[in-house]
Amino acid sequence: MAAAASAVTSVRTRVESPGGASHIEATGAEARVSLPRLMLSMLWVGTISMGGRSASFLLDELVLKRKWLLREDWLEGLALSRVLPGPSGPSTAVFMVLRLRGWGAAAICLALYVVPGAVVALVLT
């Protein structure tokens with residue numbers, strides 16, 4: 001367990017983008033993401049992922065496109081969300097936002113993630 005934790009920490013120390021600029025430069029601490037951009041990303045993922053596969057949309061948006069988190073962070077969140085009761089998409093979203101900005105942002109982004117589906121359900125009933 002300790003070997004896996006040290007491997008993840010060493011990977012987190014420096015992640016290079018194609019242009020050579022570093023997205024994460026710290027000993028295990030992610031770069032600070034602005035709350036409005038994170039909120040828009042969660043609203044976008046909540047809008048396009050209605051009907052399933054939302055965890056993979058989170059991978060595409062937050063890891064592959066924005067490069068705010070590492071793939072290992074997404075896998076850890078997905079694994080934990082599969083163990084917890086309820087849908088895995090919102091649980092993964094909360095885990096990822098919690099990593100980036102903390103509990104307050106996680107609560108706000110969860111609401112933005114769930115609202116598009118709730119609005120569609122209300123309109124259709």
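Start with the largest pocket of this predicted model, which is lined by Gly46, Ser49, Met50, Gly51, Gly52, Ser54, Pro87, Pro90, Tyr113, Val114, Gly117 and Ala118. The space inside comes to about 160 Å³. If you sort the lining by class, you get six nonpolar residues, six polar ones and no charged ones. Which helix gives the most to this lining? That's α6, residues 103–124, with four residues.

Now zoom out to the whole chain. It has six helices and two strands, and if you read along the sequence they come in the pattern α-β-β-α-α-α-α-α. Of the 125 residues, 31% are buried. Take the contacts between residues at least 6 apart in sequence: 51% of those join residues at least 24 apart.

Two helix pairs are worth a look. In general, a packed pair is described by the angle between the two axes and the distance between them. Let's go back to α6 and its partner α5, residues 88–101. Their axes come within 8 Å and cross at roughly 145 degrees, and the crossing is right-handed. On the α5 side, the residues that touch are Gly89, Pro90, Ala93, Val94, Val97, Leu98 and Arg101. They meet Trp103, Ala105, Ala106, Cys109, Leu110 and Tyr113 of α6. By class, this contact has eleven nonpolar residues, one polar and one charged.

From α2, the contact uses Leu38, Ser41, Met42, Trp44, Val45 and Ile48, while α3 brings Ser54, Phe57, Leu58, Glu61 and Leu62. That splits into eight nonpolar, two polar and one charged.

Follow the chain on from α3 and you reach lysine 67, in the loop between α3 and α4 (71–83). What is the phi of lysine 67? It is positive, about 60 degrees, although this residue is not a glycine. Is lysine 67 buried, partly exposed or exposed? Its relative accessibility is 31%, so lysine 67 counts as partly exposed; the buried class stops under 20% and the exposed class begins over 50%.

Terms used. Residues are numbered from 1 along each chain as its sequence is written. This is a predicted model: local features need pLDDT of at least 70, side-chain atom pairs count only at pLDDT 80 or more; totals for chains, interfaces and linings use all residues. Side-chain values use heavy atoms; hydrogens and water are left out. Contact means heavy atoms within 4.5 Å. Ala, Val, Leu, Ile, Met, Phe, Trp, Tyr, Cys and Pro count as nonpolar, Asp, Glu, Lys and Arg as charged, and the others, Gly among them, as polar. Buried means under 20% relative accessible area, exposed over 50%, partly exposed in between (1.4 Å probe, protein chains only). On a 1 Å grid over the protein atoms alone, a cavity is a set of points where a 1.4 Å probe fits but cannot get out, and a pocket is an open set with protein on both sides within 12 Å along at least five of seven lines; lining residues have an atom within 4 Å of a point. Grid points are joined across faces, edges and corners, and a volume is the space filled by probe spheres set on the points. Axes are lines fitted to C-alpha atoms, for helices over the stretch in contact, and angles run from 0 to 180 degrees between N-to-C directions. A crossing is left-handed if the near helix is turned anticlockwise from the far one by less than a right angle, and right-handed if clockwise.
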